[in-house]
Amino acid sequence: MTDAVRQSTGTAVTILECIRCGAQHPVGDYSLGCPSCAAAGHGSNLFCRYPAEAVRQDQLLPYPVVPDLGQGRTPLFPLPWLDGVLVKNEAANPTGSHKDRFAAMAVTHAKASGYERVVVGSSGNAGLATAAFAAAVGLRAVVADFTWLPESLAAPRSAVAPCWPPTTSSGDATSSRPATGPS
């Protein structure tokens, strides 16, 4: 996320901190994760730090506008055999996937950062969710899958948004199954 994007979002995120080495970095777009760990040849994610004082709920996410297809409003059900335990039914998300919340944020980040498309490797849930949320914000989705992926998973994803297997430099598709492509 660029500084200009961060300032326009009103997010309360103050700093990004590495989960591996603890290094703190200014809020920004770190596509390779922690710069300190990357320099040492390690990959590591960064997490958001917020001010100690209370902030509004809408400031907890790094973006104020996230595509809303109905994700997250999934029902809670009690487990009769475990008193007081509730389970969230993630199948009630718009794509039927437990990856909808992640896809919404990843696609929002891509859009705010100026990317034209998103790419994901998936055998199902992540690809379907990413394609749906990419379509919602006007981005193209490239879903790389496997030649053995059952048609029952491939067909619904292809209907949601333009998905096609990436090609090699010779133009050969990496999947043997036909897929829809960009217009």
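**Salt bridges, core and surface of the predicted model**

The structure holds three salt bridges. The model is a predicted one. Side chains of opposite charge can pair when their charged atoms come close.

R49 is partly exposed, at a relative accessible area of 35%. E17 counts as buried, at 12% relative accessibility.

Another salt bridge pairs E90 with R101 through their side chains, at 2.5 Å from N to O. Distant parts of the chain are linked here too: E90 is in the loop between β5 and α3, while R101 is in helix α3, 11 residues apart. E90 counts as buried because its relative accessibility is 17%, under the 20% limit. R101 has a relative accessible area of 33% and is therefore partly exposed.

R73 and D68 also form a salt bridge. Their closest N and O atoms are 3.0 Å apart. R73 counts as exposed, with 57% relative accessibility.

Attention now turns to the nonpolar residues. In soluble globular proteins, nonpolar side chains tend to be buried together. The largest nonpolar core has 12 residues in all, among them A103, V107, V118, F133 and L139. Helices α3 (100-112) and α4 (125-137) each supply at least two residues of this core. Helix α4 gives the most, with five residues. A129 is one of the core residues. Leaving aside neighbours within four places in sequence, A129 is in contact with T95, S97, K99, D100 and A103.

T108 lies in helix α3. T108 is buried, with a relative accessible area of 7%. Beyond its neighbours within four places in sequence, T108 is in contact with Y63, V65, V66 and P67.

G33 is found in the loop between β2 (24-25) and α2 (35-39). G33 counts as buried, at 14% relative accessibility. G33 and G43 are 10 residues apart in sequence, and their C-alpha atoms are 6.5 Å apart in space. Apart from neighbours within four places in sequence, G33 is in contact with S44 and L46.

V87 lies in strand β5 (residues 86-88). V87 is partly exposed, with a relative accessible area of 35%.

Methods:
Residues are numbered from 1 along each chain as its sequence is written. This is a predicted model: local features need pLDDT of at least 70, side-chain atom pairs count only at pLDDT 80 or more; totals for chains, interfaces and linings use all residues. Side-chain values use heavy atoms; hydrogens and water are left out. A nonpolar core is a set of buried Ala, Val, Leu, Ile, Met, Phe, Trp, Tyr and Cys residues joined through side-chain atoms within 4.5 Å. Buried means under 20% relative accessible area, exposed over 50%, partly exposed in between (1.4 Å probe, protein chains only). Helices (H or I, at least four residues) and strands (E, at least two) are DSSP runs, numbered from the N terminus. Contact means heavy atoms within 4.5 Å. A salt bridge is a side-chain nitrogen of Lys or Arg within 4 Å of a carboxyl oxygen of Asp or Glu.
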